[in-house]
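Subject: Structure handover

Hello,

Here is the structure I promised to pass on to you. Have a look at it first, and then read on for what turned up.

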Amino acid sequence: MKKIVFFLFATMLVASVKAQVYVGGTVGLWHNDDLDATFFKLEPEVGYNLSEKWAVGGVLAFAHGKAEEGKYNAFALAPYARYSYYENKVVRLFVDGGFGFSTQKVKGFDSVNGFEIGFKPGIAIKLNSKFSAVAKCGFLGYRDDYMTGDNGYGFAFTSEDLSFGFHYEF
């Protein structure tokens, strides 16, 4: 009897925890005609909803490029805390605050490590009870050789900072 009660308790605990987890990510492919270069980016994401307003998660990014100068590979890990400041039945506005660490390597050169710390605003549009389309645009913070090798601080709300993806909530 104790084993059955423990099994039911564990099953209910896992089911309630599972409802808080989401997975998703973004993917990108770009070919620059002027440089005859092709770039690919894959960013899977996983997170956990702590409440209706707060979530924590992380992004694992991989980027690959091929140009006349050689091949380029970059990896990044970026944990974040997400605050949702507006939500109705369909739309949720949020801001991710976090930091990221990256390493990049161009064939024939030494690898370069970098980091970023800052905020990224976004919007999630609920398509049904499980799927949401997610878009993030912009960055406010500091970057030092993070993924693209840019250094500096400030804010940028350009199309280069725009990403589209999805989330699936368990």
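A polar contact here is a pair of N or O atoms within 3.5 Å, where one must be able to donate a hydrogen and the other to accept it. Please keep in mind that this is a predicted model.

With that in hand, let's start at Glu 43, which sits in strand β2, residues 37-49. Its side chain makes a polar contact with the side chain of Lys 41, at 3.5 Å. What else does Glu 43 touch, leaving aside its neighbours within four places in sequence? Gly 24, Gly 25 and Thr 26 are in contact with Glu 43, and so are Val 59, Leu 60 and Ala 61.

Next, the aromatic rings. The whole structure holds seven aromatic pairs. One of them joins Trp 54 and Tyr 83: the pair is tilted, with 4.9 Å from centre to centre and 50° between the planes. This pair links distant parts of the chain, since Trp 54 belongs to strand β3 and Tyr 83 to strand β4, 29 residues apart.

Phe 99 and Phe 101 form another pair, with ring centres 5.5 Å apart. Why is this pair called edge-to-face? Its planes stand at 70°, and planes over 60 degrees apart count as edge-to-face. Phe 99 is partly exposed, because its relative accessibility of 39% falls between the limits of 20% and 50%. Elsewhere, ring pairs connect Phe 131, Tyr 168 and Phe 170 into a cluster.

Finally, the second largest pocket, which holds about 370 Å³ of space. Its lining is made up of 22 residues, and those nearest the pocket centre are Asn 49, Glu 52, Glu 87, Arg 92 and Glu 169. Which elements give two or more residues to this lining? They are β3 (54-67), β4 (70-87), β5 (91-106), β6 (112-126) and β10 (162-169). The largest share, three residues, comes from β4. By residue type, the lining of this pocket has eight charged, seven polar and seven nonpolar residues.

I hope this helps you find your way around.

Best wishes

Terms used. Residues are numbered from 1 along each chain as its sequence is written. This is a predicted model: local features need pLDDT of at least 70, side-chain atom pairs count only at pLDDT 80 or more; totals for chains, interfaces and linings use all residues. Side-chain values use heavy atoms; hydrogens and water are left out. On a 1 Å grid over the protein atoms alone, a cavity is a set of points where a 1.4 Å probe fits but cannot get out, and a pocket is an open set with protein on both sides within 12 Å along at least five of seven lines; lining residues have an atom within 4 Å of a point. Grid points are joined across faces, edges and corners, and a volume is the space filled by probe spheres set on the points. Helices (H or I, at least four residues) and strands (E, at least two) are DSSP runs, numbered from the N terminus. Ala, Val, Leu, Ile, Met, Phe, Trp, Tyr, Cys and Pro count as nonpolar, Asp, Glu, Lys and Arg as charged, and the others, Gly among them, as polar. Contact means heavy atoms within 4.5 Å. Rings of Phe, Tyr and Trp (its six-membered ring) pair if their centres lie within 6.5 Å; planes under 30 degrees apart count as stacked, over 60 as edge-to-face and the rest as tilted. Buried means under 20% relative accessible area, exposed over 50%, partly exposed in between (1.4 Å probe, protein chains only).
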